[in-house]
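Please look at the sequence and the structure before reading on.

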Amino acid sequence: MMQIIRYCGDCGGEHPFEQPHDRPGACPDAPDGECAEWLCTACGAALLIDVVTRPGAVAVSSEPHRRVA
């Protein structure tokens, strides 16, 4: 598995992250097989890297906006 070192907001420090798939290009969620999800090896928090959305795609919600303190 491939690993990268990144800051984990949940752990509060630099930790190794690795992809959940055992071989490159095996992600069932991506058309090209390249997974954008990396998991912190210390706590399991997910980090999305290189996520690209369609140009002009807009998220629409009918729910009122609420703030969480």
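## The nonpolar core

In this predicted model, the largest nonpolar core consists of six residues: Cys8, Phe17, Trp38, Cys40, Ala45 and Ile49. In soluble globular proteins, nonpolar side chains tend to be buried together.

Ile49 is one of these core residues. Which residues does Ile49 touch, if neighbours within four places in sequence are left aside? They are Ile4, Arg6, Ala36 and Trp38.

## The largest pocket

The largest pocket has a volume of about 420 Å³. Its lining is made up of 23 residues, and those closest to the pocket centre are Gln19, Gly33, Glu34, Cys35 and Ala36. Sorted by class, the lining holds 12 nonpolar, seven charged and four polar residues.

Gln19 sits in the loop that runs between strand S2 (13–18) and strand S3 (37–40). Is Gln19 buried or exposed? Its relative accessible area is 18%, and the cut-off for buried is under 20%, so Gln19 counts as buried. A polar atom of the Gln19 side chain lies 2.7 Å from the backbone oxygen of Cys35.

## The loop around Ala42

Ala42 is found in the loop between S3 and strand S4 (46–48). When neighbours within four places in sequence are left aside, Ala42 is in contact with Cys11 and His15.

Along the chain, Ala42 and Cys8 are 34 residues apart, while 9.1 Å separates their C-alpha atoms.

Conventions:
Residues are numbered from 1 along each chain as its sequence is written. This is a predicted model: local features need pLDDT of at least 70, side-chain atom pairs count only at pLDDT 80 or more; totals for chains, interfaces and linings use all residues. Side-chain values use heavy atoms; hydrogens and water are left out. On a 1 Å grid over the protein atoms alone, a cavity is a set of points where a 1.4 Å probe fits but cannot get out, and a pocket is an open set with protein on both sides within 12 Å along at least five of seven lines; lining residues have an atom within 4 Å of a point. Grid points are joined across faces, edges and corners, and a volume is the space filled by probe spheres set on the points. Ala, Val, Leu, Ile, Met, Phe, Trp, Tyr, Cys and Pro count as nonpolar, Asp, Glu, Lys and Arg as charged, and the others, Gly among them, as polar. Helices (H or I, at least four residues) and strands (E, at least two) are DSSP runs, numbered from the N terminus. Buried means under 20% relative accessible area, exposed over 50%, partly exposed in between (1.4 Å probe, protein chains only). A polar contact is a pair of N or O atoms within 3.5 Å; within protein, one must be able to donate a hydrogen and the other to accept it, and residues adjacent in sequence count only if both atoms are side-chain atoms. A nonpolar core is a set of buried Ala, Val, Leu, Ile, Met, Phe, Trp, Tyr and Cys residues joined through side-chain atoms within 4.5 Å. Contact means heavy atoms within 4.5 Å.
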